[in-house]
Amino acid sequence: RDLTLRRRLYDSIWFFFTTAMQQGPDGATFLAAKILLAVWYFFVLIIIATYTANLAAFLTFQRIPEGISSVDDLAAQTATLYGTVKDSAVQEFFAESEISTYAKVGKFMRNTDGSMVESSLEGLERAGATNPNEEYVFIWDSPVLDYLSSKQPCHTRTIGRTFNKRGYGLVMPKGMPYHDDFTLKVLKLRDNGWLDQMAAK
C-alpha cells in the first residue's frame, strides 16, 4: 500500500510537470527516460525564453538609421525628422549660427512641421517611441541625454560628438556669506574627481 501511494504521488508529479511543459504524460515509463525528458524540456524552455527576450528587445529598441552619427549627417538628409525644444537655447544656437551645417539644421527645424517639441520630456518620448512609422532624433543638452540614456529601461541612445559646449552655473544672491566657501567646495570636488564620478553614474 505504501509503495502504491508513493507510485501515485510520483505519477501525479510527473503528470503535473509534463502538463506544465505542454507535453503528454505518456511516452516515458522508466525513471531514466523521464529524467532525460525533463532535462530536454528545461533546455527547450530556456531556448524559447531567450529567443523571446531577444526578440522583444530588438522590436522595442528604437533604431536610429546607421548613416546618422553626427550633426553633419543630420543636415545632409531629410528622411529622418529631427528637432529640439521650441524657443530654447538650443534652437537659438542653430538659428543664429554662422556655421553652414548648423544653420542648415536650424533652417530645417524652423521650416519643417513636427520637428519642434514643447518640452524636453516630449522630445525624449518621441525619440524613444517604438512607432516604426516615425524616426525622430532629439537634439538637447548632452549631460541630460547621457544621464537619461543610462537609466533603465531605456529606449534611446546618444550619438555623435558634443558640440556648442557650454558650462553650467549656480546663481546666488549678491553678498551671500557662503559664496567663497561654496566655490572652494565645488572646485575641490572637481579636483578630486567626485564630479566626474557622479557624471559617470
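Visitor: At what angle do helix α4 and helix α5 pack, and how far apart are their axes?
Guide: Two packed helices are described by the angle between their axes and the distance between the axes. This is a predicted model, in which local features need pLDDT of at least 70 and side-chain atom pairs count only at pLDDT 80 or more, while totals for chains, interfaces and linings use all residues. Residues are numbered from 1 along each chain as its sequence is written, and side-chain values use heavy atoms, with hydrogens and water left out. Here α4 (residues 89-96) and α5 (residues 100-111) pack at about 120°, with their axes 7 Å apart. That makes α4 oblique to α5, since angles under 35 degrees count as roughly parallel, over 145 as roughly antiparallel, 65 to 115 as roughly perpendicular and the rest as oblique.

Visitor: Which residues of α4 and α5 meet?
Guide: With contact meaning heavy atoms within 4.5 Å, Phe93, Phe94 and Ala95 in α4 meet Tyr102, Ala103, Val105, Gly106, Met109 and Arg110 in α5.

Visitor: Which residues of helix α6 are buried?
Guide: Buried means under 20% relative accessible area, exposed over 50% and partly exposed in between (1.4 Å probe, protein chains only). In α6 (residues 120-127), the buried residues are Gly123, Leu124, Arg126 and Ala127. They cover an arc of only 160° around the axis, which puts them on the same side of α6. The face turned away from that buried side carries the exposed Leu121 and Glu125.

Visitor: How does glutamate 122 count?
Guide: Glutamate 122, also in α6, counts as partly exposed because its relative accessibility is 30%.

Notes
Axes are lines fitted to C-alpha atoms, for helices over the stretch in contact, and angles run from 0 to 180 degrees between N-to-C directions. Helices (H or I, at least four residues) and strands (E, at least two) are DSSP runs, numbered from the N terminus. The arc is that of the directions from the helix axis to the C-beta atoms.
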